[in-house]
Amino acid sequence: MSDTITSPGYFELVNSQRAQRDLRSDPIPEDWIEKILEAGTHAPSAMNSQPWHFVVVQDESVRRAISEGARDAWVGFARDMTKDQTTPGFKAVDQWAMGGLAEAPVIIVLCGDTQVLPLEQMGSSIFPAAQNILLAANALGLASLMSNLPLFAPDGALAKTLGLPEHVVPLATLPIGYPARKLGKPRRRPIKDVTSRDRFATPW
Ligand SMILES: Cc1cc2nc3c(=O)[nH]c(=O)nc-3n(C[C@H](O)[C@H](O)[C@H](O)COP(=O)(O)O)c2cc1C
């Protein structure tokens, strides 16, 4: 391995998970990328079909093209759909969507192969791999997030940029890099606010 990894324990890792957009552009060692991908490929999937395909983008011109597509989607419709544009979180997303995304040294585009599994069954087989990837990146001291904004680039630009065949559908982008700054603890709702016992609305 490139460096000695001293990973935090699982619950420390998962309970500190944040969507980190502010990434340094320093390259990530190839063996770390493979370790992250390996975590992705160990996710469960329908009938163990493993319908994923990962396009690992490091080339700067491809990163810029993905970022420009995301910006077009953001400016075209997504920005105006955001209700509260005054929250500090909005500013960070805005900067990232307007070009910051290209700074990520690695953008994993997580795709589903519809020749392996129908698209309508894809979610439950693809998103566990995404979460494995996000946590594996965090375990290595890297930062990550999942965004679907680049998927909404006009005219299917993302698939065109990546040269995806028609049966391989992009489902999420996962920018990964060294964190440019340390984030605080995540603010998340307590489980009692989002959980019912046995039937809906019976309190936990
Ligand atoms: C319009 C809009 C879309 C967003 N979409 C995502 C998304 O797809 N995934 C995500 O993790 N965060 C998304 N965010 C940012 C989230 O607000 C933020 O990442 C999430 O609440 C977790 O933040 P935290 O990890 O910093 O606590 C979006 C924000 C805005 C304004």
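A nonpolar core is a set of buried Ala, Val, Leu, Ile, Met, Phe, Trp, Tyr and Cys residues joined through C-beta atoms within 7 Å. The views below come from a predicted model.

**View 1. The largest nonpolar core has 43 residues.** Those with the most contacts inside this core are Ala70, Ile108, Leu110, Ile133, Ala137 and Ile176. Seven elements, α2, β2, α3, α4, β3, α5 and β5, each supply at least two of its residues. Helix α5 gives the most, with 7 residues.

**View 2. Helix α5 covers residues 123-139.** At 1.5 Å a residue, its 17 residues should span 24 Å; the end C-alpha atoms are 24 Å apart, so the two agree. Buried residues in α5 include Ile126, Ala130, Ile133 and Ala137. In an α-helix there are 3.6 residues a turn, so residues three or four places apart point the same way. After α5 comes Gly141, with a positive phi near 85 degrees.

**View 3. Helices and strands cover the buried residues of α5.** The helices include α1 (10-14) and α2 (30-41). Among the strands are β2 (52-57), β3 (106-113), β4 (143-144) and β5 (168-179).

**View 4. Ala70 and its contacts away from its sequence neighbours.** Setting aside neighbours within four places in sequence, Ala70 is in contact with Ala97, Leu101, Leu149, Pro150 and Ala153. Ala70 is also among the core residues with the most contacts inside the core.

**View 5. The ligand is surrounded by 13 residues.** The closest are Arg18, Ala19, Thr82, Val93 and Pro186. Helix α4 contributes the largest share of this shell, 3 residues. By class, the shell has 7 nonpolar, 4 polar and 2 charged residues.

Terms used
Residues numbered from 1 in each chain as written. Predicted model: local features only at pLDDT ≥ 70, side-chain atom pairs only at ≥ 80, totals over all residues. Helix = DSSP H or I, 4+ residues; strand = E, 2+ residues; numbered from the N terminus. Expected span 1.5 Å × (residues − 1). Buried ≥ 20, exposed ≤ 12 C-beta atoms within 10 Å, placed from the backbone. Contact = placed C-beta atoms within 7 Å. Near = placed C-beta within 6 Å. Nonpolar A, V, L, I, M, F, W, Y, C, P; charged D, E, K, R; others polar.
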